[in-house]
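Here is a friendly note to read alongside the model. Take the points one at a time and look for each residue as you go.

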Amino acid sequence: MNYVSAENLSKSYGVKVLFKNINFHVNEGDKIAIVAKNGSGKSTLLKILMGKEIADSGTTIINKDIQVVLFDQEIDFDPKLSVEEFMMTLDSAPILALKKYHHALTSNIPDDMEAALAEMEIHKAWDLENEMEQILSQLKITDLSAKMGTLSGGQIKRIALAKLLTETRAEHRHTLLIMDEPTNHLDVEMVEWLENYLSKSKITLLLVTHDRYFLDAVCDKIWEMEDGNLYLHNGSYATYLENKMIREDNLNSTIDKAQNLYRKELEWMRRQPKARTTKSKSRQDDFYETEKVAKTDTRKEKLELDFEMKRLGNKILELRDINKSYGEKVLFKDFSYQFQRGEKVGIVGKNGAGKSTLLNIIQGFEPKDSGEIETGETIKFGYFAQKGLQYKEDERVIDFIKEIGENFPLANGKTISASQFLRLFLFDDQTQYSPISKLSGGEKRRLHLMYILYQNPNFLIFDEPTNDLDLPTLTVLENFLQNFQGSLIIVSHDRYFMDRIVDHVLAFEGEGKIKEFVGNFSEYREHLKNEEKNPKTESPKVEKVEAPKDTSIPLSVTNQQTATNNQQPKKKLSFKEQHELETIEKEIPKLEEKRAAILEQLNNESDYDKISKLSSELESLSGKLEEFEMRWLELQE
């Protein structure tokens with residue numbers, strides 16, 4: 001079944017051509033990712049399909065039997081509504097039937113209940129409430145009474161995502177789901193859940209994302225927008241890159257041939273100015289076409305990172321017994337870490353775990369509760385925060401960068417100009433002389449990033465740098481950071497980006513516990529899976545773990561003494577361990593009794609808020625019971 005067809009679609013803003021005469025089809029079951037640098041027209045194309053913008057020319061045909069649903073980066077909501085009220089504003093028949101059913105439950109009018117039950121049956125809405133609760137739970141939305149106006153940007157994004165997914169499940173007709181950067185503001189667990197949800201769902205999807213693991217897991221087609229054209233690729237991100245390279249090689253070969261022909265034809269044009277008759281008119285026309293191809297500029301600036309960085313001294317940055325709490329919530333407790341020259345550290349953890357707080361404390365933007373921070377005298381921080389770019393009204397891109405300096409120093413004693421540096425980060429000459437206010441949101445993020453790097457810091461601190469950056473810019477940034485000789489701290493939920501850059505992971509695991517892991521992000525995640533299979537109940541507050549060099553060797557905690565002989569005889573329990581065993585044997589029956597009571601309550605409860613609270617209690621209780629049981633087995637052995 002065909003959902004959408006477009007023929008000869010074109011759109012420009014002033015002299016800037018976003019796309020010209022592009023053609024495409026979206027069929028049922030397609031899962032398509034759109035790849036392009038910021039400002040190429042990705043979001044504009046999505047808005048045209050939604051009917052929010054009009055193309056300059058061409059036709060777009062959308063099947064009348066489908067609905068088109070957009071998950072946008074800009075979310076409209078009434079701040080006075082509660083989360084539950086916002087979720088129930090969906091204008092779909094199953095949701096309306098569910099609302100009528102809830103009203104009938106409180107009205108006690110038999111006719112109302114009879115009508116409500118009939119509508120619930122007609123629109124197959126019986127499972128909808130349960131599905132909605134599951135989606136909300138997976139996205140960590142628990143307080144349905146909270147007002148929308150009191151929530152953070154990340155919370156609003158998650159609630160809007162929950163509403164969208166509920167809508168696609170509620171409507172039983174065909175749906176084209178359009179998603180613009182859905183993984184922004186989601187932590188890794190939520191991203192992986194959404195990835196699994198979309199990959200297994202039988203939906204038709206058009207997606208813009210910078211998350212390459214997410215893209216590969218969910219999508220089977222890629223649309224590439226470049227220089228006003230649309231290129232269609234079947235397969236993975238790696239297949240797209242291979243196809244792109246082949247296309248560029250073929251184009252360069254065509255240009256080389258055209259340049260050779262152009263030199264010959266140019267000589268003919270100059271040699272016979274008076275002999276040109278109407279018979280040679282076709283040859284003249286061919287000459288101008290050849291000239292156009294021969295002068296095509298396909299050069300891509302390659303980022304060379306051998307720049308003159310300010311010297312790093314022996315002392316980089318050392319944290320000693322740092323503590324920070326907000327009321328009863330402990331972010332980190334007695335945290336110590338010594339950063340090394342050239343070390344690239346990734347910080348991961350759930351939203352609200354204290355990652356950004358640590359970055360602010362390191363730079364002196366926020367006070368610590370206790371502890372010491374010693375920063376080397378030669379350290380020059382470069383901080384890329386989540387807040388937006390600050391600039392003067394009508395200030396041009398090139399002038400903004402030149403405020404720092406006209407040139408950027410290289411290690412070989414040479415320099416590159418501000419304009420050359422901008423080109424490295426995909427700002428063409430026309431864009432460089434445009435007002436910053438005219439840039440897209442992603443282009444402003446890219447300029448902000450450039451502004452930090454152009455100041456030539458030797459210790460970079462990045463807080464979610466990949467949000468709203470396009471894939472071409474991310475590739476440039478990754479190349480930059482891989483060769484960066486200074487120290488680096490990155491907070492990011494982008495798994496691919498972290499895998500390419502970091503060599504250490506600091507994992508914020510909650511309740512003040514931070515685990516240090518030597519390796520990249522995927523290795524850390526693999527370590528977590530191994531831990532789940534072989535859980536340890538007791539561990540230090542700051543734990544250092546190294547990725548195994550041989551996968552047959554188990555991971556070891558470095559500050560716990562490793563047994564030198566696996567055949568050592570069993571030791572008798574110490575007095576403390578014997579007391580612990582006796583305590584556990586008393587506590588386990590009590591916990592099992594409590595769990596049984598909660599399960600009984602859940603079976604008889606219909607109020608969602610109480611169900612949510614009881615489920616949280618059950619999860620916490622089960623976790624504690626599992627810890628006790630594992631510790632009991634260890635002590636028995």
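**Notes on the model**

1. Start with helix α7, residues 188-200. The expected span is 1.5 Å times one less than the number of residues. Helices here are DSSP runs of H or I with at least four residues, strands are runs of E with at least two, and both are numbered from the N terminus.

2. Before going further, please note that this is a predicted model, where local features need pLDDT of at least 70 and side-chain atom pairs count only at pLDDT 80 or more, while totals for chains, interfaces and linings use all residues. Residues are numbered from 1 along each chain as its sequence is written, and side-chain values use heavy atoms, leaving out hydrogens and water.

3. Which residues of α7 are buried? They are Val-188, Met-190, Val-191, Trp-193, Leu-194, Glu-195, Tyr-197 and Leu-198. Buried means under 20% relative accessible area, exposed over 50%, and partly exposed in between (1.4 Å probe, protein chains only).

4. Leu-198 turns up again in the largest nonpolar core, which has 100 residues. Together with Phe-421, Phe-425, Leu-447, Phe-462 and Leu-481, Leu-198 touches the most other members. Another core, of 27 residues, lies apart from it and includes Leu-317 and Phe-339. A nonpolar core is a set of buried Ala, Val, Leu, Ile, Met, Phe, Trp, Tyr and Cys residues joined through side-chain atoms within 4.5 Å.

5. Now find Thr-473 in helix α16, residues 471-482. Is Thr-473 buried or exposed? With a relative accessible area of 1%, Thr-473 is buried. Its side chain makes a polar contact with the side chain of Asp-470, at 2.6 Å. (A polar contact is a pair of N or O atoms within 3.5 Å; within protein, one must be able to donate a hydrogen and the other to accept it, and residues adjacent in sequence count only if both atoms are side-chain atoms.) Leaving aside neighbours within four places in sequence, Thr-473 is in contact (heavy atoms within 4.5 Å) with Leu-426 and Arg-446.

6. Finally, look at the hairpin of β8 and β9. Strands β8 (residues 221-226) and β9 (residues 229-234) run antiparallel and are joined by 6 bridges; two strands pair if DSSP finds at least two bridges between them. Trp-223 has Leu-232 in β9 as its bridge partner. Between the strands there are 2 residues, and Asp-227 takes a positive phi near 55°.
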